[in-house]
Each structure stands twice: as C-alpha cells, then as structure tokens.
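Welcome! Take a moment to turn the model around on your screen, and then let us walk through it together.

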Amino acid sequence: MSCSLMTATAANAQFWQCAPYAREISGIQIHGNANTWWGQAAGRYERGNAPKVGAVLSFRSTSRMRVGHVAMVSQIVSDREVLLTHANWSRRGGVERNVRAIDVSDAGDWSLVKVWYAPQGGLGTSSYPTDGFIYGGHADSVAPVVIANKNNGTDETRLANLAIASAAAAPVRGAITLSN
C-alpha cells in the first residue's frame with residue numbers, strides 16, 4: 001500500500017519552468033524562453049509599466065538568469081509592491097504563490113525589482129531588471145483570479161488552470177498565502 005502511494009505522489013509531482021507555468025495561470029499564450037516574451041508580446045498583447053492583477057512581469061536576461069524570468073501578478077499591495085505567483089525561483093522547479101516583489105527603480109516604473117527569495121527569508125540583496133508587464137487581453141479582463149463569467153468562459157478556464165497549477169505548488173516557508 002505505501003509503495004503505491006509513493007508511486008502516485010511521484011507521478012503527480014510537477015517540475016515547473018517559469019514560462020509554461022506563467023502561460024498556464026495567466027492565459028497569455030506565448031511560448032519560448034522567458035527572455036523572449038516581451039518581444040513576442042508586441043502587437044499581440046498590451047504591454048506597460050503598471051502592474052495589474054493577472055499581468056505577467058517580464059524579467060530581462062542577466063548573467064545569473066540567462067533566459068530571463070516571467071511571473072504573474074496575483075495582487076497589488078501598493079504602487080511599488082505586488083505579490084507574484086511564479087515557478088522555478090527559490091526552489092528548482094517549485095511553485096511559489098503570493099510572494100513579495102517591490103519596485104526599486106529610481107523612476108518608479110518597475111524597471112528594477114527585488115523579489116522574495118525563500119532561502120534568505122526575504123527580498124535578499126539582488127535587484128533584477130525587467131521589461132515591464134504583459135497584459136492578458138483587454139484591460140478589464142486581465143484579472144483571472146478576480147473576474148469571472150466574462151469573455152464566454154475564458155476566465156473560468158483561467159480559474160480552472162490556476163487551481164490545477166496551485167495544486168502542484170509546494171508551500172514556501174515565509175511566503176504569504178492569501179485566502180478568501
């Protein structure tokens with residue numbers, strides 16, 4: 001009996017890269033490495049430097065993050081702080097929900113951010129350059145976690161995808177988890 005439970009757990013375990021996970025939970029249909037998302041979004045999705053719930057924050061490539069990173073905004077705390085839901089950041093292949101990210105850019109335009117890093121139990125010392133936010137469709141429908149029953153069921157699909165992806169998430173010590 002215990003062997004079958006262990007096998008079932010291993011079979012259900014999910015190793016997430018940031019890009020497929022962001023695509024799954026945001027509904028933004030861009031494929032490829034995270035550092036290509038900003039360019040691919042041009043002409044397909046609205047882009048900007050203001051956070052919106054459901055938008056994907058696109059991180060630029062760095063020497064430590066060669067293929068960039070993408071993360072979905074799950075909540076806006078203030079004009080310079082959001083909560084992100086993303087994969088493959090603090091723990092290889094792991095999912096983190098509602099972790100803190102702050103804008104540390106001089107201009108307040110979200111071009112440079114610090115992000116919660118579980119092994120340090122805080123924001124850490126690294127700052128990461130970003131391209132900006134990619135919005136999933138119309139301005140009034142970029143919040144799949146909040147808005148439902150619009151767009152002929154597409155937001156319901158996003159909610160279902162978020163629930164599936166969240167089921168694979170492992171709790172992160174010190175991360176913020178929000179509940180209704």
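The largest nonpolar core has 18 residues, and Phe59, Leu84, Val113, Val115 and Phe133 have the most contacts inside it. Here a nonpolar core is a set of buried Ala, Val, Leu, Ile, Met, Phe, Trp, Tyr and Cys residues joined through side-chain atoms within 4.5 Å; buried means under 20% relative accessible area, exposed over 50%, and partly exposed in between, using a 1.4 Å probe and protein chains only. At least two residues of this core come from each of the strands S2 (56–59), S3 (69–78), S4 (81–87), S5 (95–103), S6 (112–115) and S7 (128–135). S7 gives the most, with 3 residues. Strands (E, at least two residues) and helices (H or I, at least four) are DSSP runs numbered from the N terminus.

Before going on, please note that this is a predicted model, in which local features need pLDDT of at least 70 and side-chain atom pairs count only at pLDDT 80 or more, while totals for chains, interfaces and linings use all residues. Residues are numbered from 1 along each chain as its sequence is written, and side-chain values use heavy atoms, with hydrogens and water left out.

Now look at S2. Val56 and Ser58 point one way from this strand, Leu57 and Phe59 point the other way, and all are buried. In a regular strand, side chains alternate between the two faces of the sheet. S2 pairs with S3 in the antiparallel sense over 4 bridges, where pairing requires DSSP to find at least two bridges between two strands. In S3, His69 stands opposite Phe59. S2 also runs antiparallel to S7, joined to it by 4 bridges, and Leu57 faces Phe133 there as its opposite residue.

Next, find Arg23 in helix H2 (residues 18–26). What does its side chain reach at 2.8 Å? The answer is the backbone oxygen of Ile30. Leaving aside neighbours within four places in sequence, Arg23 is in contact with Ile28, Gln29, Ile30, His31 and Trp37, contact being heavy atoms within 4.5 Å.

For Asn98, in strand S5, phi is near 55°. Asn98 counts as buried because its relative accessibility is 11%. For Trp110, in the loop between S5 and S6, phi is near 65°. Trp110 counts as buried too, because its relative accessibility is 2%.

Key. Polar contact = N/O pair within 3.5 Å; in protein donor to acceptor, adjacent residues only side chain to side chain.
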